[in-house]
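Let's take a friendly walk through a protein model together.

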Amino acid sequence: MYWIWGIILCIGALIWWWQRSSELYWEKNGVSYISGPPFIGALKDCLTMKKSFVDLFYDIYNDRKFKDDPITGFYFFHKPRLIIRHPELIKNILVKDFAYFVDRASDSDAHDIIGRDNLFVVKGQRWKALRSKISPVLTTGKLKNFFHLVVDVSNVLNEKLSSEIGGECREYEVKQLAATFTIDSIAISAFGVKANSLLNPNGEFYRKANKCFDFHWKRVIESAICIFLPELAIFFRMKIFSEETNDFLRSSINFVMQERIKGGGKHNDLIDALIGMNKEDPELFKGDTLVAQAAVFLLAGYETSSSVIAFALYELARQPEAQEKLRNEIKHYLKKYESVQYETISEMDYLNCVVQETLRMYPAGPILDRICTPPEGADSYSLEPHHKFEIPRGMSVYIPFFSIHRDPKFFPDPLKFNPERFSPENRDSIDQYTYMAFGLGPRNCIGSRFGYLMVKMALITILRNYRVEATERTPKFIEFDKRAMVTKSAKPLYMNFKRI
């Protein structure tokens with residue numbers, strides 16, 4: 001019996017020492033830190049689903065003891081991590097000294113090619129090679145081709161609303177409506193596939209794409225470990241996407257590529273580009289690597305753009321005067337040009353403001369992460385003159401851009417939806433290193449311009465003919481889904497569409 005108690009005491013002492021050593025690390029280096037229970041550390045409330053990842057990093061960022069510090073430490077398992085707050089440090093990490101912060105921490109099973117070899121996650125020289133090959137897919141010329149396809153999807157959306165609403169009003173769950181519009185736009189523009197989700201929301205393509213973001217407790221834990229403790233993810237052979245998601249992506253994308261190769265036609269889309277890349281550099285794009293690039297384009301574009309459309313409609317429904325101002329601009333623009341045109345859509349200043357303000361309040365996720373890799377011969381990266389701490393090689397740093405977007409130091413009255421912040425006369429007052437809707441620097445989002453096109457076309461199509469109004473089922477405020485790794489409302493966003 002004594003030896004059993006001895007073992008229990010030894011394990012307890014080890015756990016205590018493990019936690020205390022993490023805290024002593026930050027104390028020794030003069031860095032404020034967030035403590036937490038042994039092993040899981042600061043992520044306890046996320047892994048137990050008491051908080052969303054958005055709320056967790058928002059609370060860490062705004063901890064009253066440390067909110068004015070340029071950096072704050074925390075730990076997950078035995079590893080210390082660093083939160084970056086100061087705009088000048090953000091500039092250095094994402095732009096000026098990007099060469100020392102190229103990689104993201106996320107990783108997974110060595111055989112999980114779709115999860116770990118896509119442009120979002122892939123590391124080092126391989127990221128540079130893939131980025132240089134894929135960038136030409138989203139040139140201005142290619143975007144013009146995509147734009148006309150998105151216009152076609154917009155016409156389908158308009159016909160759907162017209163037939164369903166008639167002269168009355170109708171309630172829609174706008175996230176689902178936006179998701180079907182977005183998946184149809186990406187499917188036709190990137191893959192040359194008519195998903196027809198707007199007219200058939202029970203279709204296989206939409207259902208399976210939507211299920212990729214349907215997190216349950218196991219996927220929450222696996223995703224958190226892939227992001228915050230990749231060594232463990234590799235050891236236990238965890239995958240960034242579920243096996244079901246990987247199978248869907250692999251089968252659907254490979255099918256489209258094989259059909260394209262057989263048919264020999266040219267669509268000037270992502271699939272054509274990937275086929276060309278494979279011919280040009282078969283070693284770089286072998287196996288699932290081609291699927292990985294198409295997969296991240298589909299999933300990242302789908303979730304981000306559909307959320308922005310839904311949150312924009314939510315805020316405009318709550319602020320009728322802003323909605324009316326945008327509608328008047330849309331009508332003026334259409335009267336001037338008679339149709340929406342790629343070359344002139346940027347003239348719609350207030351539409352730009354609405355989209356940017358929505359992205360400020362509801363960016364895609366809570367954080368940007370980078371791994372410190374100082375130049376050869378150096379073991380750390382100095383944060384002087386902002387802090388005496390030096391980031392050691394291999395440490396992960398986190399930029400909580402959702403929280404920065406809602407910091408009153410940078411955006412006064414941050415919880416108020418105020419598109420005028422981004423008006424031509426005001427936007428110069430915004431520090432560019434406090435606004436990171438699509439990231440910053442060389443590793444920013446490669447598909448941001450295409451995302452803007454989809455969001456703008458959806459808003460123009462809906463608001464030109466319909467007034468969007470809150471209903472009894474519209475949330476009074478947004479609570480974020482505790483199971484999601486992205487910025488997602490926990491409650492459905494119901495709104496009335498009323499013909500004008």
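This is a predicted model: local features need pLDDT of at least 70, side-chain atom pairs count only at pLDDT 80 or more; totals for chains, interfaces and linings use all residues.

Helices here are DSSP runs of H or I with at least four residues, numbered from the N terminus.

Is Thr358 buried or exposed? Its relative accessible area is 0%, and buried means under 20%, so Thr358 counts as buried. Leaving aside residues up to four places away in sequence, Thr358 touches Val308, Phe311, Ala312, Pro363 and Phe417.

The largest nonpolar core has 139 residues, and the members that touch the most others are Phe181, Leu249, Leu313 and Phe497. Helix α14 (residues 289-318) gives the most to this core, contributing 17 residues. A second, separate core has 26 residues, among them Val31, Ile90, Phe101 and Ile391. If you zoom in on Leu249, you will find contacts with Ile114, Phe241, Asn254, Val291, Ala295, Leu298 and Leu299, again not counting residues up to four places away in sequence.

Now to the aromatic rings. A pair of aromatic rings is described by the distance of the centres and the angle of the planes. With ring centres required to lie within 6.5 Å, the model has 25 aromatic pairs. In one of them, the ring centres of Tyr25 and Phe389 are 6.4 Å apart and the planes meet at 85°; planes over 60 degrees apart count as edge-to-face, so this pair is edge-to-face. Tyr25 belongs to helix α1 (residues 2-28), while Phe389 is in the loop between β5 (380-382) and β6 (390-392), so the pair ties together parts that are 364 residues apart in sequence. Tyr25 is partly exposed, at 22% relative accessible area, whereas Phe389 is buried, at 2%.

Elsewhere, ring pairs link Phe53, Phe57, Phe74, Phe76, Phe228 and Tyr398 into a cluster. Rings can have charged neighbours as well: the charged end of Arg473 sits over the ring of Tyr494, 3.6 Å from its centre. Arg360 lies over the face of Phe411, at 5.5 Å from the ring centre.

Let's finish with some backbone details. Most residues other than glycine have a negative phi, and most peptide bonds are trans. You can find Asn196 in the loop between α8 (174-191) and α9 (204-211), where its relative accessible area of 43% makes it partly exposed. Asp413 also has a positive phi, near 50°, and lies in the loop between α17 (401-405) and α18 (448-463).

Key: Residues are numbered from 1 along each chain as its sequence is written. Side-chain values use heavy atoms; hydrogens and water are left out. Rings of Phe, Tyr and Trp (its six-membered ring) pair if their centres lie within 6.5 Å; planes under 30 degrees apart count as stacked, over 60 as edge-to-face and the rest as tilted. Helices (H or I, at least four residues) and strands (E, at least two) are DSSP runs, numbered from the N terminus. Buried means under 20% relative accessible area, exposed over 50%, partly exposed in between (1.4 Å probe, protein chains only). A charge sits over a ring if NZ of Lys or CZ of Arg is within 6 Å of the ring centre and within 35 degrees of the ring normal. Contact means heavy atoms within 4.5 Å. A nonpolar core is a set of buried Ala, Val, Leu, Ile, Met, Phe, Trp, Tyr and Cys residues joined through side-chain atoms within 4.5 Å.
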